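Dear colleague,

Please find the structure below, handed over for your use.

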Amino acid sequence: MFGRKPAAEPEPVEETSTGSGKGRPTPSRKEAEAARKQALKVPKDPKAAKKAARERDRDARAAQRAALMAGDERALPARDRGPARRYTRDFVDSRYTIAEYFIFIALVVLVMGFIPNPAVQAFVSIGWMALVAIVAFDEAFLLIRLNGKLRKQFPDKAERKGCLWYAALRTLQLRRFRLPPPRVKRGEMPV
């Protein structure tokens, strides 16, 4: 009743090669750990290990920056990824905006504010208020138009989240220093 029964031999199963495998055996744990350790090649000396780590980090950053400059979508930071952000970038990059030159104009206003002439200082004060008002109006007009286009293009609110803030910050950067770099020329409207 409780004795062992002779085990029946399993029938041999023929493996059919469908071509979907990886084409090599899975490495053992020991082999995988050895390969990982070999890839790191951490020196025993702490000073040399830190130097090697800095070098690896520098190489990784350089590779990521090169991919970012090339416009590779996979290399973009999380804040720049996705079709809604790409559309926002193209929309902003296709426009001329006064906000782009705000920093330079503000610098000129600041330097002119040091002139001890009261007439010049009054002019600078009025000019500064006018500049801020013009930039605010320009930004508001751009963001209202962008919001309407984004609502049509991306009906899901989760996809559009943060795009207006992203656009406002991008307009304040000079075009040639924007990252990721602009893909459209000025005047070209994104679809």
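A crossing of two helices is called left-handed if the near helix is turned anticlockwise from the far one by less than a right angle, and right-handed if it is turned clockwise. By that convention, α3 passes α5 in a right-handed crossing. Please note that the model is a predicted one.

**Overall composition**

The chain holds seven helices and zero strands, and its elements run α-α-α-α-α-α-α from the N terminus on. Of its 191 residues, 25% are buried. The chain exposes about 15,100 Å², of which carbon and sulfur atoms supply 62%. Among contacts between residues at least 6 apart in sequence, 68% join residues at least 24 apart.

Helix α3 deserves a description of its own. Nine of its eleven residues are buried, so α3 is largely enclosed by the rest of the structure. The buried residues are Ala 84, Arg 85, Tyr 87, Thr 88, Arg 89, Asp 90, Phe 91, Val 92 and Asp 93. Their cover includes α5, α6 (157-160) and α7.

Two packed helices are described by the angle between their axes and the distance between the axes. For α3 and helix α5 (residues 118-153), the angle is about 145° and the axes are 11 Å apart. On the α3 side, this contact is made by Ala 84, Tyr 87, Thr 88, Phe 91 and Val 92; on the α5 side, it is made by Leu 142, Arg 145, Leu 146, Lys 149, Leu 150 and Gln 153.

The axes of α3 and α7 come within 10 Å and cross at roughly 35°. This crossing, too, is right-handed. Here α3 contributes Ala 84, Arg 85, Thr 88, Arg 89, Val 92 and Asp 93, while α7 contributes Cys 163, Tyr 166, Ala 167, Arg 170 and Thr 171.

**Salt bridges**

Side chains of opposite charge can pair when their charged atoms come close.

The side chains of Glu 33 and Arg 29 meet in a salt bridge, at 3.3 Å from N to O. Both residues lie in helix α1 (residues 29-40), four residues apart, which is about one turn of the helix. Glu 33 is partly exposed, at 31% relative accessibility, whereas Arg 29 counts as exposed, at 68%.

Arg 183 forms a salt bridge with Asp 90, and the closest N and O atoms are 2.6 Å apart. This pair links distant parts of the chain, with Arg 183 in the segment after α7 and Asp 90 in helix α3, 93 residues apart. Arg 183 has a relative accessible area of 55% and is therefore exposed. Asp 90 counts as buried because its relative accessibility is 8%, under the 20% cut-off for that class.

Arg 186 forms a salt bridge with Glu 100, with the closest N and O atoms 2.9 Å apart. This pair also links distant parts of the chain: Arg 186 is in the segment after α7, Glu 100 is in the loop between α3 and α4, and the two are 86 residues apart. Arg 186 is partly exposed, at 22% relative accessibility, and Glu 100 is buried, at 3%. Both residues belong to a network of salt bridges that links Asp 93, Glu 100, Arg 170, Arg 178 and Arg 186.

**The segment after α7**

Pro 180 lies in the segment after α7 (163-171). Most peptide bonds are trans. The peptide bond from Leu 179 to Pro 180, however, is cis, with omega near -10°.

The C-alpha atoms of Ala 70 and Pro 181 are separated by 8.1 Å, although these residues are 111 apart along the chain. Ala 70 is found in helix α2 (residues 46-70) and counts as exposed, at 68% relative accessibility.

**A nonpolar surface patch**

Ile 98, Tyr 101, Phe 104, Ile 105 and Ile 134 make a nonpolar surface patch of about 430 Å². One of these residues, Tyr 101, is placed in the loop between α3 (83-93) and α4 (102-112). Tyr 101 is partly exposed, with a relative accessible area of 38%.

With kind regards

Conventions
Residues numbered from 1 in each chain as written. Predicted model: local features only at pLDDT ≥ 70, side-chain atom pairs only at ≥ 80, totals over all residues. Heavy atoms only, no water. Patch = residues over 30% accessible without salt bridge, like charges linked within 9 Å, V, L, I, M, F, W, Y side chains within 5 Å. Areas by Shrake-Rupley, 256 points an atom, 1.4 Å probe, with all protein chains shown as cover. Salt bridge = Lys/Arg side-chain N within 4 Å of Asp/Glu carboxyl O. Buried < 20%, exposed > 50% of the residue type's maximum accessible area, 1.4 Å probe, protein only. Axes fitted to C-alpha atoms, helices over the stretch in contact; angles between N-to-C directions. Contact = heavy atoms within 4.5 Å.
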